[in-house]
Amino acid sequence: LVEVSPSIASTSVPAMQDFETINFPSGYWDVENITGTAWERNSLASVTGTHSVYIQSDSANMNTSDIFYTESFNLSNIAAPAMNFKLAFSQRNNSTDNLKVFMSTNCGQTWGLRYSKSGNSLQTTIDSSLNFIPASNQWRQESVQISTAAGNDNVRFKFLFTSQGGN
């Protein structure tokens, strides 16, 4: 679940994307599959509804990085914007997988890091050697600092996941 409060292609805010009705990737929601598996919409797990976006992280995808980009959000009339998303992650053998979120206010010409967590700080439940499919109570809401985007009419986000054999 990705939520931008209050603006969306450039979409107006407040807006929320729950991946229930969107074809992902498509339109302005895009994927950059650098190596290994790619981000995809699935119905294996979700916080609410029946769908989420996920990427497979395991030893077969060790040291691979993949990106998904959001559509553009119009924050031109927002004095104090906020962006939240929910994630679920389980480590495997103390893996150090990493999730970074970047923000761009100029159509992706430049990106600023706004969020980065890995290993224990990324984890939302106990380690598991089995393929992790989260229950609804194993998700955590994260907040991204985007106050510098106030007044901008073309704000995009980039989610970069680097697999280190986690789950």
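**Figure 1. Phe159, a buried residue of a predicted model.** In this predicted model, Phe159 has a relative accessibility of 3%, and because buried means under 20%, Phe159 counts as buried. Phe159 belongs to strand S13, which covers residues 156-162.

**Figure 2. The stacked pair of Phe68 and Phe159.** The ring centres of Phe68 and Phe159 lie 4.6 Å apart and their planes meet at 5 degrees, so this aromatic pair is stacked. Phe68 is buried, as Phe159 is.

**Figure 3. The edge-to-face pair of Phe85 and Phe159.** Here the two ring centres are 5.2 Å from each other and the planes stand at 85 degrees, an arrangement described as edge-to-face. Phe85 lies in strand S9 (residues 82-87), and the pair with Phe159 in strand S13 again links distant parts of the chain, 74 residues apart. Phe85 has a relative accessible area of 3% and is buried.

**Figure 4. The aromatic cluster.** Phe68, Phe85 and Phe159 are among the members of one aromatic cluster, which also includes Phe19, Phe24, Trp29, Trp39, Phe89, Tyr115 and Phe161. Across the whole structure, the search finds 13 aromatic pairs.

**Figure 5. Lys158 over the ring of Phe102.** Lys158 is placed over the face of Phe102, at a distance of 4.8 Å from the ring centre.

**Figure 6. The chain as the setting for these views.** The chain contains one helix and 13 strands, and 50% of its 167 residues count as buried.

Terms used
Residues are numbered from 1 along each chain as its sequence is written. This is a predicted model: local features need pLDDT of at least 70, side-chain atom pairs count only at pLDDT 80 or more; totals for chains, interfaces and linings use all residues. Side-chain values use heavy atoms; hydrogens and water are left out. Helices (H or I, at least four residues) and strands (E, at least two) are DSSP runs, numbered from the N terminus. Buried means under 20% relative accessible area, exposed over 50%, partly exposed in between (1.4 Å probe, protein chains only). Rings of Phe, Tyr and Trp (its six-membered ring) pair if their centres lie within 6.5 Å; planes under 30 degrees apart count as stacked, over 60 as edge-to-face and the rest as tilted. A charge sits over a ring if NZ of Lys or CZ of Arg is within 6 Å of the ring centre and within 35 degrees of the ring normal.
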